[in-house]
Amino acid sequence: MVARPQDLDAHRLPLEILTTVGPAARLGDVELRTTTTASGSAFGREVRPLGLATGGVRRTVQRAASAVRGDRSRVLAAFADPAEFPPGERPASRPERTHYLALVADAEWPEDVAPANRAPLEVEGVATAGQRLRELASSRAGGRWKTLRGWIRRSPARLDEVLDGDEWPLLLDALGRDGVSFDLGDWRADAAWLATHERRDAALGLCEVARRTGAVGVGSIEHRVVEELVRVARAGAADTGTEALAHELSAAADTALDDGDAAHAVRLFALLLHLLFQRDLHVVSESSPLVERPDAWTAPLRTSAVRRRIIAADLRARPDAADATGGAQGLVFLAGSYPRFGVPVVRALTAAGLDPHVVDPGDEDAALRGISVDEGLLRVLAGVDPVPDSWPWLDAVRGAAAVFVEWADRAAPFAVAAASTDARVVLRVHSVDLLSAWLHLVDVDRVDELVVVSDAMVDVVVGVLGADVRPKVRVVPNVVAADQMARPKLPGAERTLAMVGWAQTVKDPLWAVEVLALLRAEDPAWRLLLVGADFPRTRVESDARYALAVRRRLLRPDVRDAVELTGWTSDVAGVLARAGYVLSTSRRESASLAVVEGMASGAVPVVRDWPVYARVDAARRALDARWVVSTPAEAAARVLAASQRLEEESRAAREWVASQAYAEDPADRYARLVRGEAE
Amino acid sequence: MTGDVVLPDGDGLVVSYCFPPYADTAGIVAAKRVRELGRRVRVLSNAMDATRAVDRGLERIAGDLVTEDVTLATPTGFATWETIEPFAVAARARAATWLDGPGAPTWMYSRAQFAASNVAAALIAADRPGLTWVAEFSDPLSADVRGRVRRSPTDPGSAVADELRALLADAGVEVADTENGYELCEAVTFLRADRVLFTNDRQRAFMTGRCHDASLRTRLDEVGVVVPHPTLDRSFYALEKPVVTLEPGPVHVAYFGNLYANRGLEDLLDAFALLAPEERRRLRFHVFTARPQDVTDAAAARGVADVVRAAPALPYLEFLALSDTMDLLVVTDADTRSQGMPVNPFLPSKVSDYLGSSARIWAVVEEGSALSELDVALRTPVGHVTAAAVALARLAAGTGAVPRR
């Protein structure tokens with residue numbers, strides 16, 4: 001009898017509470033221990049036998065486990081007994097037998113388990129969580145909220161399902177005696193924190209507890225936003241109710257600002273950004289309201305006084321300096337939250353003789369790395385908190401004659417606000433930051449050139465920022481080292497697909513696997529190379545779910561033996577030499593560098609009509625319509641057709657790359673943008 | 001094992017802080033080197049009772065080739081100067097009696113880890129310029145597994161440290177940190193040894209590249225040589241009986257050895273957890289390691305305890321015997337790329353034992369590592385749960401079959 005890790009995590013909170021009295025608790029004649037695994041992400045409850053009577057406990061556990069087999073919903077946690085090795089297989093040197101406890105939900109015991117055997121486990125089961133909370137409530141004053149908050153933040157479990165109705169008021173009362181009142185400063189803030197940190201069940205649970213206990217703030221706009229965040233994330237789509245709530249939230253933030261409570265205003269504004277830009281709606285989805293209906297979706301932002309205040313931030317002068325704008329010189333290049341993308345740009349700028357001084361704000365302060373909403377940074381931009389002293393990079397920006405901001409990320413609004421009025425400012429935006437909040441917090445009037453990598457992205461950036469920015473938007477394609485990719489194809493390439501950089505939700509490798517499955521139904525010789533690192537470990541629910549789906553799909557017999565996972569490689573050209581076809585199955589790309597590199601190698605492109613940007617026809621505008629398909633079936637048909645004239649198709653792909661701006665040296669173009677010279 | 005250096009006639013002197021019967025990889029490899037050479041040696045080692053178990057079976061590796069074995073009762077530790085200096089001083093004194101006596105050794109072999117071995121050998125070599133010295137490094141000393149500087153501070157006023165510094169100064173050699181015993185040990189060995197053995201070419205490049213002094217780099221180009229860990233002959237795999245009888249049917253995968261932060265089994269356990277229960281039950285994963293409870297806990301937390309068997313590390317000959325009964329032996333590269341290391345200088349020594357086994361090898365590799373270039377039955381990328389899961393699924397289905405050698 002085993003429990004899956006996710007089952008355990010789902011019940012982590014009650015179990016943690018259960019053992020908070022110490023690392024071990026007595027349970028009848030056994031000792032209950034907390035075990036933290038090496039990963040720290042899961043845990044176990046181990047029961048070490050303390051005497052001969054453990055046989056009875058073990059039988060109880062086994063019978064209980066047996067009784068609930070097949071119905072996991074009734075099992076809080078059940079562990080295999082690894083001591084039950086098959087005869088003769090147990091290592092002779094095993095130090096001791098280990099037994100594991102099954103915790104079974106109240107009233108779920110099978111009738112044939114004697115009450116005497118149920119009682120100790122029942123007593124220490126779910127009901128004990130409330131008991132421990134009572135103990136917490138009656139513990140000495142001070143620190144109780146911190147303790148409870150730690151439980152809440154660590155656990156995705158729903159607090160409302162852990163507690164009995166009469167237990168929570170008890171604790172509330174105790175927390176009140178600690179001086180904790182349930183206003184915006186605590187439960188609503190925590191619920192928002194949980195909801196915006198992929199802990200939706202926990203957030204809903206906290207809301208529910210607040211509702212049941214009549215805590216302050218039930219039904220408030222923050223409360224409703226938390227519930228809407230959860231609803232939208234689950235549905236993967238917004239509706240008119242979402243937009244109405246966003247308008248209401250924007251107005252509430254502005255009211256707080258009018259009332260002189262800037263901190264409250266920023267907190268509400270941060271929630272607004274979370275609501276409008278939550279990743280499930282844009283970054284990993286198959287469509288985005290920012291692309292589909294940008295005017296309507298960004299309307300609550302355009303009217304926001306808080307946003308206007310943030311954009312108006314003027315950071316050109318250090319607080320301790322009267323004028324830091326004089327004598328500006330040189331080009332400062334912000335590395336961006338994903339610095340590898342900026343490397344070719346730095347190389348180009350260096351080749352043009354501009355000698356960029358590269359600064360990496362994320363190195364100086366990790367809070368500046370990333371594109372998700374960060375309330376602390378918003379407070380600084382809004383003037384609620386001062387600019388940290390530990391940001392030397394900002395001084396470099398203040399003193400620069402030109403600033404190249406790579407990525408519209410968390411650092412971008414600060415850089416633009418700090419650049420001298422005389423300095424030229426170039427901002428390069430990528431596919432993902434076009435769909436993120438920070439671009440909307442940059443003072444675009446202060447930006448001289450807004451660089452994107454494809455024509456379709458011009459439409460997207462104009463859509464989200466408005467037609468006024470159109471004159472300053474420039475298209476500079478990515479650099480492709482086409483000559484380095486050109487190698488003779490190896491035997492087997494004629495039946496091999498490749499996907500480079502596959503293990504992200506947005507790349508949608510499931511789509512590629514389905515293409516492979518369809519091809520193998522025709523001819524089992526077809527293979528798929530998945531090139532690049534594996535899915536990262538993540539607590540983001542949607543990403544974890546997606547990774548699990550891909551992995552399970554890859555294990556199915558129709559594709560299992562035909563997929564090669566190369567891992568990260570520095571030799572992409574070497575891998576591409578083994579592939580006759582290159583797939584781009586992404587939900588969203590601005591100009592898929594990977595597929596262009598594949599084409600430069602002579603691989604035939606098969607490109608999904610990237611659904612997020614289908615409205616602006618991004619795939620066809622970035623590549624060529626004849627290579628773009630809409631479904632895995634169309635992709636498989638395209639591959640099969642191309643396989644009939646592979647040499648000709650391969651040559652066409654290489655020639656197309658050679659005919660495009662990809663192969664051009666962008667040094668001059670970047671140099672002209674930075675210098676402000678006409679193109 | 002000495003590259004193109006022809007050892008002089010006569011017996012040898014082995015300076016190995018740890019040597020059988022103490023159970024430690026350092027001593028085992030030193031004994032295997034002795035066996036590989038096939039020359040009679042006298043051994044100077046430290047009494048490791050405080051930190052290492054005694055495994056009498058290990059004495060069979062070098063066997064009768066060890067004509068005399070002096071175990072010095074100096075303080076035991078990994079690399080503190082308080083343990084290095086007393087061992088070096090005592091070994092130097094004891095070696096003198098042999099080197100001045102009848103049938104004196106004509107050559108010397110030493111191996112670090114432990115650093116104390118090469119420090120002691122450096123002092124002996126300084127006393128006896130005519131003695132041919134072959135020194136080995138199992139891994140970089142002055143860099144850790146993340147590529148950061150690793151320090152073993154010398155004691156203030158240490159006569160041995162002063163002597164090492166003087167040897168370097170006399171030769172005009174500079175080191176970055178003269179208070180770091182690891183750096184002193186490496187630099188003096190690079191300066192004075194007639195041959196410096198590395199276990200793989202990445203290690204050689206990495207350690208050469210870290211040399212602060214250009215003249216040492218030049219010298220290493222001349223005296224450095226890559227010599228893989230020795231593999232014992234097949235008879236050693238039958239000296240003991242397997243301590244575990246494997247149930248017939250499942251594919252038995254095994255890992256023998258310690259687990260580290262950047263060389264663990266989490267990814268493999270995660271991969272097992274991805275398999276359907278009926279698939280998973282066609283496999284068994286045996287782990288023999290210093291802290292089996294950690295593995296048991298990790299397996300239970302993932303719901304795969306039904307197929308994971310964790311047990312304490314085995315005595316060496318039992319390990320060899322049991323390895324022979326397995327289907328697949330797992331060896332994993334350290335993950336160095338994520339640490340920013342330019343090359344992966346590490347090659348797990350257990351590979352040499354696996355190569356002698358009749359089981360096949362599953363190498364979990366980092367691109368460009370020495371391990372990644374070995375001819376193995378199964379190779380998956382390090383840090384890649386998906387690839388490991390696919391490999392396991394094929395094993396369970398029989399489509400990734402690994403016929404025994």
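This is a predicted model: local features need pLDDT of at least 70, side-chain atom pairs count only at pLDDT 80 or more; totals for chains, interfaces and linings use all residues.
In chain A, an open sheet is built from 6 strands, which follow one another in the order E8-E7-E9-E10-E11-E12 and pair in the parallel sense. From one strand to the next, the twist averages 20°. Within the sheet, strand E10 (residues 424-428) of chain A is joined to strand E11 (residues 449-452) of chain A by 3 bridges, again in the parallel sense, and in one of the pairs A:Arg428 has A:Val451 of E11(A) as its bridge partner.

Helices are also found lying across this sheet. Helix H18 (residues 343-351) of chain A lies across strand E7 (331-334), E8, strand E9 (402-406) and E10 of chain A, and its direction is at about 170° to E7(A). Helix H33 (residues 667-675) of chain A, for its part, lies across E7, E9, E10, E11 and E12 of chain A, where it runs at about 135° to E10(A).

Chain B likewise contains an open sheet of 6 strands with parallel pairing, in which the order is E10-E9-E8-E11-E12-E13. Here strand E10 (308-312) and strand E13 (378-381) of chain B form the edges, each with a single partner strand, so that one side of each is left without a neighbour in the sheet. Averaged over the sheet and with direction ignored, neighbouring strands are turned by 20° against each other. The parallel pairing of strand E8 (residues 251-256) of chain B with strand E9 (residues 283-289) of chain B extends over 6 bridges, and B:Phe256 has B:Phe288 in E9(B) as its bridge partner. Helix H14 (residues 385-397) of chain B packs on this sheet and touches E8, E9, strand E11 (328-332), strand E12 (360-365) and E13 of chain B, while its direction makes about 155° with that of E13(B).

The crossing in which H12(A) passes H16(A) is left-handed. On the side of H12(A), the contact involves A:Thr242, A:Glu243, A:Ala246, A:His247 and A:Ser250, which meet A:Ala296, A:Trp297, A:Ala299 and A:Pro300 in H16(A).

The residues that make the contact are B:Ala161, B:Leu164, B:Arg165, B:Leu167 and B:Leu168 of H5(B), together with B:Leu184, B:Ala187, B:Val188, B:Leu191 and B:Arg192 of H6(B). This contact between H5(B) and H6(B) consists of 8 nonpolar residues, no polar ones and 2 charged ones.

Several individual residues complete the description. A:His274 is located in helix H13 (residues 262-277) of chain A and counts as buried because its relative accessibility is 17%, buried residues being those under 20%. Apart from neighbours within four places in sequence, A:His274 is in contact with A:Thr196, A:Leu229 and A:Val373.

Positive phi values in residues other than glycine occur at A:Asp508, where phi is near 50°, and at A:Asp617, where phi is about 55°. A:Asp508 belongs to the loop between strand E13 (496-500) and helix H25 (509-522) of chain A and is buried, with a relative accessible area of 5%. A:Asp617 belongs to the loop between strand E17 (604-608) and helix H30 (618-622) of chain A, but with a relative accessible area of 29% A:Asp617 is partly exposed.

In chain B, the peptide bond from B:Pro20 to B:Pro21 is cis, with omega near 20°, and B:Pro21 is found in the loop between strand E1 (12-15) and helix H1 (25-37). B:Gln113 and B:Phe114 are also joined by a cis peptide bond, for which omega is about 5°; B:Phe114 is found in the loop between strand E4 (107-112) and helix H4 (115-127) of chain B.

Methods: Residues are numbered from 1 along each chain as its sequence is written. Chains are lettered from A and ligands numbered from 1 in the order in which they are written. Side-chain values use heavy atoms; hydrogens and water are left out. Two strands pair if DSSP finds at least two bridges between them. Helices (H or I, at least four residues) and strands (E, at least two) are DSSP runs, numbered from the N terminus. Axes are lines fitted to C-alpha atoms, for helices over the stretch in contact, and angles run from 0 to 180 degrees between N-to-C directions. Contact means heavy atoms within 4.5 Å. Ala, Val, Leu, Ile, Met, Phe, Trp, Tyr, Cys and Pro count as nonpolar, Asp, Glu, Lys and Arg as charged, and the others, Gly among them, as polar. Buried means under 20% relative accessible area, exposed over 50%, partly exposed in between (1.4 Å probe, protein chains only). A crossing is left-handed if the near helix is turned anticlockwise from the far one by less than a right angle, and right-handed if clockwise.
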